[in-house]
Structure formats: C-alpha cells, structure tokens
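My entries follow the structure.

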Amino acid sequence: MPASRLLVTLAAETIAQWPTLSTAHSASTRGGDVIAPEAIHHLRIATRRLRALIDVFAPWLKPRWHRKLKQELHWLSHAMGPARDADVLATTTLPALRTEHPDIDWPAVDAYVAKLRSDAHSQADEALLSERQVALHRLLRRAFGIDEQGYTDVQAAKALRRPSRTPGKRPRAMAKHARDVIRVRYIALFPDCRQLAMLDTDQLHALRVRIKKARYSAEALTPWLRKAIRTPYQDTLRAAQNLLGQLNDAVVAQQACEAMPLSQAQRDVLTGRLDTFIVNATSRAAHVLCRLPDAESLERGIRKR
C-alpha cells in the first residue's frame, strides 16, 4: 500500500473514534459534568494517535498542513490534560489512599479536589465546545479526504504532497523511512530505560513521552515489523507506558497534596505513601523495559520492503 493511502486509512480509523461532543454533552449534563470524562479520555487517545501519524508520515504531508495540524492537536491535547489528571486523582489515586489512611481529613480533601476538578473541566469544556474544536475536526477531514460517512478519497486529501515531492518515488522509500523511524524511536529510549532508578520525576516523564512515541510509531508502521518482534516490542512499550503513567499520577497527586488544607503531619503521610507508589512503579517499569529487544533483534525484525 502506498504511504499516502496508508496514512489516510490510519487517520480515518482514528478520526472515526472522535467522540460526538454534542452527544457527550447532552448525556453527561444529566450526571453533572458538561463533557463526560470518558469522552475526554477517548479524545485524548485520538489526538495522541493523530499526532503520532502526522509525525511519522511528515515527508508525505505539505509543510503548511503539517504545522497547522500539529499546532491544533497540541492545543486540544493541552486543554484536556488537567481535566484528565483531576479525574484520575479523584477516582483512582485518592480512593486508594483513603482505604489505607482513613484518619486523614477527607472531607477537606474532597472539597479541595472537587474545586480543582471543576476548574479543570471548565477549561476542557470551553475548548471542546468551542468553534475551534469543531473547526479542527473539519480540518482533519479535509486534510485526509474523509467525507461525512467516513469514506476516504486519497485524491481529495488536501494535506498530502504531490507524489513527485515525496520520498515515495524512490524504490522502497517507505520501507527505508519505516526502518529509520523505528530505529530512531528505539535509540531515543536509551540509556534512560536502563537506569530508571537514577532518574528524577521530570526525566521519567520525558522518558514516558519517548516511549509513547516509540509505541505509536511502531503501531503505525506495523506492516514493516515482523510479528515475532512486533508483538513483544509493542506489548513491552505499552506496559512500560502504563506503569510510568501510574507514576505520573502519583506525582500529580503529590503536587495537589501540597495545596490541600491539611495539617503538615497528614500531608506528610500522604506524600510519603505516594513516594512508595513512585518507587514501586519505577521498579516495575525498569523490570518491564528489560524485556525490550536488543538492537540486533529489532533490526532483524524490520522488513526490508
């Protein structure tokens, strides 16, 4: 399949998962939220995958469209981030702490988190219900030639460069590009993935970002990875991303604890327990990343055509 057609197909599959926010709005208003947390979560995944596709297939995209799409997707993702963090804090991290430490002043914590969550969702709702979000959805359809029924037409995709201006005219150009992208994303994981215990939380967050890029790139370039290497490689990256995500959730909770209306003793109890979460998640992520293939095995697992 030509690179342009593969890009359009993958983009259409992702855009099809874009939630209908007017429907999400109507359904969630009955439950209190303007936009349901599930809709925000699904939309964040969609924007993340689209950003990966645009990055991987950049040589096949017009520079102006490439910049515009990256800019708008980054804006939308950034607008949703605090809401997702607040949802995880309220529904996952703090309930686990509540079970272990029932003597904390939880009514005060609940009031603080409710305000934090409300403010974060207001920011997300403003972005998601804005004309800018609607225009972005429309822009994506035009960029990749997707009609209202979800059918694609490569000839109608406005973001694609003319074939004569892409690497696609050269023999095996896409295969070479796929190998280069997979290699670069893999190399970017080292040496940090082998020395997690020495990294601070900011460095661990940066490594998680690189792991996401490696994972989504590998998924976009699945046809060029042999199954023997593809499955363990992608599964390892997914597991490490999830563990470092849990670590990030604990870091966000620690930052929130600093502003909670608690005594210093109670704050120390919570932050100390969250430190244990961080250490455990780091240790488990280090164990998982040891299962990454070595460079030679990965090279053998990349198809040459």
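At what angle do the axes of α4 and α6 cross, and within what distance do they come? I found that they cross at roughly 145 degrees and come within 11 Å. Axes here are lines fitted to C-alpha atoms, for helices over the stretch in contact, and angles run from 0 to 180 degrees between N-to-C directions. Helices are DSSP runs (H or I, at least four residues), numbered from the N terminus.

Before going on I noted the source: this is a predicted model, where local features need pLDDT of at least 70, side-chain atom pairs count only at pLDDT 80 or more, and totals for chains, interfaces and linings use all residues. Residues are numbered from 1 along each chain as its sequence is written, and side-chain values use heavy atoms, with hydrogens and water left out.

Back at α4 and α6, I listed the contact (heavy atoms within 4.5 Å). On α4 I noted W65, K68, L69, Q71, E72, L73, W75 and L76, and on α6 R132, Q133, L136, L139, L140, R142, A143 and F144. By class I get ten nonpolar, two polar and four charged residues. Ala, Val, Leu, Ile, Met, Phe, Trp, Tyr, Cys and Pro count as nonpolar, Asp, Glu, Lys and Arg as charged, and the others, Gly among them, as polar.

Next I looked up α1 (residues 3-15) against α6 (residues 131-144): the axes come within 10 Å and cross at roughly 155 degrees. I therefore wrote down α1 and α6 as roughly antiparallel (angles over 145 degrees). L7, V8, A11 and I15 of α1 make the contact with H137, L140 and F144 of α6. I sorted these residues into six nonpolar, one polar and no charged.

For α3 (residues 37-56) and α4 (residues 63-100), I found axes 9 Å apart and an angle of about 145 degrees. The residues of that contact divide into ten nonpolar, six polar and five charged.

Last I turned to the domains, whose bounds come from an automatic or database domain assignment. Domain 1 covers 1-24 + 33-82 + 121-169, and domain 2 covers 172-304. Their centres, taken over C-alpha atoms, are separated by 24 Å. I noted 14 residues of domain 1 in contact with 14 residues of domain 2. The buried area is about 1,100 Å², with carbon and sulfur atoms giving 66%. Buried area is the accessible area (1.4 Å probe) that two parts lose on being put together, summed over both. Of the area that domain 1 buries against domain 2, R48, R49 and V56 supply 45%, more than any other three residues.

Methods:
Helix = DSSP H or I, 4+ residues; strand = E, 2+ residues; numbered from the N terminus. Parallel < 35°, antiparallel > 145°, perpendicular 65-115°, else oblique.
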